Amino acid sequence: MNRDAITSRLTGKFGRILECHAELGSTNDRARELLETLGEKASGAVVITSRQTEGRGRHGRAWLAESGKSLALSVALWPQLGTKGITCLPLAGALGVRKALMDEGVECRLKWPNDVMANGRKIAGILLESRFSGDLPQGLVLGVGVNLGQGPGDFPPEILNTATSVTMESGLCVEFEAFAASVINALEPFVTEALLAPGSLVDSAAGFWIHERGSPLRVTTARGIIEGRFISIGEGGELLVETGGGLEKISAGDVAMLRYGGQ
Ligand code: BTN
């Protein structure tokens, strides 16, 4: 990986501290270490690899990142403004990745809470990890995983029918460094907006969701399964679902989209 080919393309403050690793356990873990060592000075630091041996996704699931075929990138953040907007950071991540992918000609939409989808299949995922001291965030890590060069044979059977990559969608091989820089540049304004004006970030994402208003959903949450119709995304990034018992505001879960008229 050519670090200079990334830094020479950076346009903002993200990536002024930039670590590029040929292989890493998890970029989120390394970004967390930077926060622990440097504190606030680590804000905007970026850690990148294309091969993660212990990458993780939401709900503790494994996230595969194979050398040369994946981008695994984490941004260390130290918000100055308390907790405002933090729940919208994963959406900011998804919007940034979506923009970088759209710039490569890959048409993408968002699936709640923060999956980036191409042709109905997942092409990228976002994992926000935070640590608090009382109510105050002690640094956050926004992790982004993007499938770049995988072919169908590269995905394990359990995600073979639900995952895709840039190469599968466009037939193209993206240049790793240029794409990494494009993601870093795209993330910064969305992250800033999430922290300063989360409501406006949610509004700007309104046209990008895969869910249509009124479409039936099944959401698996820690409280159990909730079924209802999609209404909208709330100001804090929550999923608003109309159920038989009223409006449910769901802040974490996995969505399955059901067909109209039953399953
Ligand atoms: C998901 O479950 O959809 C989220 C996947 C997030 C994966 C990324 S890859 C970079 C960063 N490091 C990790 O260990 N996970 C995130």
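Start by selecting Ser-70, which is buried, with a relative accessible area of 1%. The model is predicted. Ser-70 lies in strand S3, residues 70-77.

Show the polar contacts of the Ser-70 side chain. One goes to the backbone nitrogen of Glu-66, at 3.1 Å. Another joins the side chain of Ser-70 to that of Gln-150, also a polar contact of 3.1 Å. Next, display the surroundings of Ser-70: beyond neighbours within four places in sequence, the residues in contact are Thr-49, Ser-50, Leu-64, Ala-65, Val-146, Leu-148, Gln-150 and Phe-176.

Now extend the selection to the whole of S3. Of its 8 residues, 8 are buried, so the strand is largely enclosed by the rest of the structure.

Strand S2 (residues 46-49) runs antiparallel to S3 and is joined to it by 4 bridges; look for Ile-48 opposite Leu-73. Strand S7 (residues 136-147) is also antiparallel to S3, with 8 bridges between them. Within S7, Leu-140 is the bridge partner of Leu-77.

Finally, move to helix H3, residues 89-103. Its 15 residues reach 21 Å from the first C-alpha to the last, close to the 21 Å expected at 1.5 Å a residue. In H3, 12 of the 15 residues are buried, so the helix is largely enclosed by the rest of the structure. Among the buried residues are Leu-91, Leu-95, Arg-98 and Leu-101. Stop at Gly-105, which follows H3 and has a positive phi, near 90°.

Definitions and conventions
Residues numbered from 1 in each chain as written. Predicted model: local features only at pLDDT ≥ 70, side-chain atom pairs only at ≥ 80, totals over all residues. Heavy atoms only, no water. Helix = DSSP H or I, 4+ residues; strand = E, 2+ residues; numbered from the N terminus. Expected span 1.5 Å × (residues − 1). Buried < 20%, exposed > 50% of the residue type's maximum accessible area, 1.4 Å probe, protein only. Polar contact = N/O pair within 3.5 Å; in protein donor to acceptor, adjacent residues only side chain to side chain. Contact = heavy atoms within 4.5 Å. Pairing = 2+ DSSP bridges.
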